Amino acid sequence: MILRAICKVKEEKSAAVLVTIIGTRGSTPRKAGTKMLVYPDGRMLGTIGGGCTESEARLQALRALDENLSFTYHLSLLDEMAADEGMICGGTMEVFIQVL
């Protein structure tokens with residue numbers, strides 16, 4: 001599904017950002033290799049686990065698109081904010097945010 005969407009983005013010469021989990025430590029909702037596509041209007045295809053970490057990844061993807069810059073980003077599910085959101089994973093994720 002995501003591969004087809006990437007092909008469509010390329011064929012239409014439109015924009016999107018691919019977010020890929022490249023590493024995890026501890027308990028996380030998804031593991032390395034999981035992908036999510038973020039469009040300029042904020043729509044997403046796929047999920048890297050939901051919650052506030054996915055929301056943060058989406059915001060970083062939109063920033064990457066604005067700056068036309070790909071980068072890695074560290075997401076933590078360890079702090080008090082994560083606990084307040086009801087996340088009980090307790091791990092960390094490293095994601096690659098790639099402008100297509």
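Tutor: The accessible surface of the protein chain comes to about 5800 Å², and carbon and sulfur atoms account for 52% of that area. The model is a predicted one. Of the 100 residues in the protein chain, 40% count as buried. Taking the contacts between residues at least 6 apart in sequence, 49% join residues at least 24 apart.

The secondary structure comprises three helices and five strands, and from the N terminus on the elements follow the order α-β-β-β-α-β-α-β. The five strands form an open sheet with antiparallel pairing, in the order β3-β2-β1-β5-β4. Its edge strands are β3 (44–46) and β4, each of which pairs on one side only. From one strand to the next, the twist averages 25°.

Two helices pack on this sheet. Helix α1 (residues 2–11) touches β1, β2 (35–38) and β3, and its direction makes about 30° with that of β2. Helix α2 (residues 51–67) touches β1, β2, β3, β4 and β5; the angle between its direction and that of β4 is about 160°.

On one side, β5 (residues 92–99) pairs with β1 (residues 17–25) in the antiparallel sense, over eight bridges. In that pairing, Thr 92 is the bridge partner of Arg 25. Strand β4 (residues 71–76) also pairs with β5 in the antiparallel sense, here over six bridges. Ser 76 stands opposite Thr 92 in β5, while Phe 71 of the chain stands opposite Ile 97 in β5. Thr 92 therefore has a partner in Arg 25 and a residue opposite in Ser 76, and β5 sits between β1 and β4 in the sheet order, with pairing as set out by DSSP bridges.

The contacts of Thr 92 can be read against this arrangement. Not counting residues up to four places away in sequence, Thr 92 touches Gly 23, Thr 24, Arg 25, Thr 28, His 74, Leu 75, Ser 76, Leu 77 and Leu 78. One of these, Thr 24, is 68 residues from Thr 92 in sequence, yet the two are 5.6 Å apart in space, C-alpha to C-alpha. Thr 92 has a relative accessible area of 11%, so it counts as buried, the cut-off being under 20%.

How values were computed: Residues are numbered from 1 along each chain as its sequence is written. This is a predicted model: local features need pLDDT of at least 70, side-chain atom pairs count only at pLDDT 80 or more; totals for chains, interfaces and linings use all residues. Side-chain values use heavy atoms; hydrogens and water are left out. Two strands pair if DSSP finds at least two bridges between them. Helices (H or I, at least four residues) and strands (E, at least two) are DSSP runs, numbered from the N terminus. Axes are lines fitted to C-alpha atoms, for helices over the stretch in contact, and angles run from 0 to 180 degrees between N-to-C directions. Contact means heavy atoms within 4.5 Å. Buried means under 20% relative accessible area, exposed over 50%, partly exposed in between (1.4 Å probe, protein chains only). Accessible areas come from the Shrake-Rupley method with a 1.4 Å probe; for residues, only the protein chains shown count as cover.
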